[in-house]
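Let's walk through this model together, one region at a time. Please keep the sequence beside the 3D view as you read.

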Amino acid sequence: EIRTASVRNNSFTCKICLEDKYKLVAKEAGLTLIRKSGNLKTRIYKFNKCGHLKELIIRNIGKHSHICDKCFELKLKKNALRLNLKLLGYGKNNSIRRYKRIDCGHEVQHRNDFINTTSKTPECLQCIDEKHHEEANRAGLILINKTNNPRKKLYKFINCGHEQEISTSHVRDYNFIC
């Protein structure tokens, strides 16, 4: 059925041909059109490589590369375990995930691309910070905060209360004086 005005204006399309076009574009993108969804602008597609299903916007098929969400999450989990991390869930945005470090139990956040491309387990900044506090305490100091110099921190002497910037390696070796 076609509206008379659409015939007069030559502004009609064959719905069967349109669906065939959607199928062809999907095939070229590595997808298989499965069925219509509840939304007129989307369809349910199957990824040919893995068989997982995803609802996608019709007009975006062929314009963007499409990633299977399930396969992406599996890849993140696998790569996280390789880095001694356990995937917990989403981080502060879609490109960051939360992880638990298996070695120390601290929770950290990393970018997805970092987890999928790095081969070296990142250092735990919380463990490093705790180590610096412990070293300061053993040396009779209180670690106050970081300074602009990455090798030095601001410490307070427990005995006299004076504050001083000292290299973390000097604190570790007790090589400092007030």
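Grid points are joined across faces, edges and corners, and a volume is the space filled by probe spheres set on the points. The model is predicted, with local features needing pLDDT of at least 70 and side-chain atom pairs counting only at pLDDT 80 or more, whereas totals for chains, interfaces and linings use all residues. Residues are numbered from 1 along each chain as its sequence is written, and side-chain values use heavy atoms, with hydrogens and water left out.

The largest pocket has a volume of about 210 Å³. Its lining consists of 13 residues, and Phe-47, Lys-49, Cys-50, His-66 and Cys-68 are those nearest its centre. Sorted by class, the lining of the largest pocket holds 8 nonpolar, 3 polar and 2 charged residues (Ala, Val, Leu, Ile, Met, Phe, Trp, Tyr, Cys and Pro count as nonpolar, Asp, Glu, Lys and Arg as charged, and the others, Gly among them, as polar). Helix H3 (residues 69-82) gives the most to this lining, with 3 residues; helices (H or I, at least four residues) and strands (E, at least two) are DSSP runs, numbered from the N terminus.

Now turn to the strands, where two count as paired if DSSP finds at least two bridges between them. An open sheet of 3 strands runs in the order S1-S2-S3, with antiparallel pairing. Strands S1 (31-36) and S3 (53-57) are the edge strands, each pairing on one side only. From one strand to the next, the twist averages 40°. Strand S2 (residues 42-47) is joined to S3 by 5 bridges, and Thr-42 stands opposite Ile-57 in S3. Across S1 and S2 lies helix H2 (residues 15-28), running at about 145° to S1. Here contact means heavy atoms within 4.5 Å, and axes are lines fitted to C-alpha atoms, for helices over the stretch in contact, with angles from 0 to 180 degrees between N-to-C directions.

Further along, strands S4 (residues 85-90) and S5 (residues 96-101) pair in the antiparallel sense over 5 bridges. These two strands form a hairpin with 5 residues between them, and Lys-86 has Lys-100 in S5 as its bridge partner.

Another open sheet of 3 strands has the order S7-S8-S9, again with antiparallel pairing. Strand S7 (141-146) and strand S9 (163-167) each have a single partner strand, so one side of each is left without a neighbour in the sheet. S8 and S9 are paired over 5 bridges, with Ser-167 in S9 as the bridge partner of Lys-152. Helix H5 (residues 125-138) lies across S7 and S8, at about 145° to S7.

Key
On a 1 Å grid over the protein atoms alone, a cavity is a set of points where a 1.4 Å probe fits but cannot get out, and a pocket is an open set with protein on both sides within 12 Å along at least five of seven lines; lining residues have an atom within 4 Å of a point.
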